[in-house]
Amino acid sequence: KIFFFNTPNACIISRAGEVSIVEYGESFILGSIRTEIISAHLMSVRLNEKKTLQARDCDVGNKEENARLQNKKIAFLMDKQTISIKDLISEANTSVSHDAGIDFIELNAKGSLLLF
């Protein structure tokens with residue numbers, strides 16, 4: 001097993017090609033992905049680092065609405081030229097292919113922009 005503690009809100013655990021994300025303070029796995037490329041520079045996890053105005057207003061309100069506004073995403077390298085972005089709440093996936101090799105991946109605080 002390999003543990004990454006470079007994300008402020010979560011621990012990333014890698015074992016045999018499967019990567020699991022555990023949010024600090026929680027006792028369950030938030031999400032998991034499959035990738036053979038394991039590097040702290042080639043994964044970016046964002047967990048509610050910068051809430052939208054709607055999410056801040058909803059903090060004391062309805063639990064279902066608050067869950068809908070959660071911002072929990074991971075970006076990771078699927079192969080040497082393909083990045084996958086997964087929403088850990090809705091399980092939605094998307095991918096980005098590029099002609100050049102990718103050396104690092106970083107999501108912005110909202111998880112809406114990808115730098116690579």
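This is a predicted model: local features need pLDDT of at least 70, side-chain atom pairs count only at pLDDT 80 or more; totals for chains, interfaces and linings use all residues.
The chain has 116 residues, and 38% of them are buried. Its accessible surface is about 7,200 Å². Carbon and sulfur atoms account for 51% of that surface. Contacts were also examined by sequence separation. Of those between residues at least 6 apart in sequence, 40% join residues at least 24 apart.

Strands of a sheet pair through backbone hydrogen bonds, in parallel or antiparallel fashion. In this chain, four strands form an open sheet in the order β5-β6-β7-β8. The pairing is antiparallel. The edges are β5 (43-47) and β8 (93-97). Each has a single partner strand, so one side of each lacks a neighbour in the sheet. From one strand to the next, the twist averages 20°.

Strand β6 spans residues 72-79 and runs antiparallel to β5. Five bridges join the two strands. Within this pair, valine 45 has isoleucine 74 of β6 as its bridge partner.

A nonpolar patch lies on the surface. It consists of Phe3, Phe5 and Tyr24. Together these residues have about 350 Å² of accessible area. Phenylalanine 3 belongs to strand β1, residues 2-7. Its relative accessibility is 44%, so phenylalanine 3 counts as partly exposed. That class lies between buried, under 20%, and exposed, over 50%.

Key
Residues are numbered from 1 along each chain as its sequence is written. Side-chain values use heavy atoms; hydrogens and water are left out. Patches are made of residues with over 30% relative accessible area and no salt bridge: like charges are joined within 9 Å, nonpolar side chains (Val, Leu, Ile, Met, Phe, Trp, Tyr) within 5 Å. Accessible areas come from the Shrake-Rupley method with a 1.4 Å probe; for residues, only the protein chains shown count as cover. A salt bridge is a side-chain nitrogen of Lys or Arg within 4 Å of a carboxyl oxygen of Asp or Glu. Buried means under 20% relative accessible area, exposed over 50%, partly exposed in between (1.4 Å probe, protein chains only). Contact means heavy atoms within 4.5 Å. Two strands pair if DSSP finds at least two bridges between them. Axes are lines fitted to C-alpha atoms, for helices over the stretch in contact, and angles run from 0 to 180 degrees between N-to-C directions.
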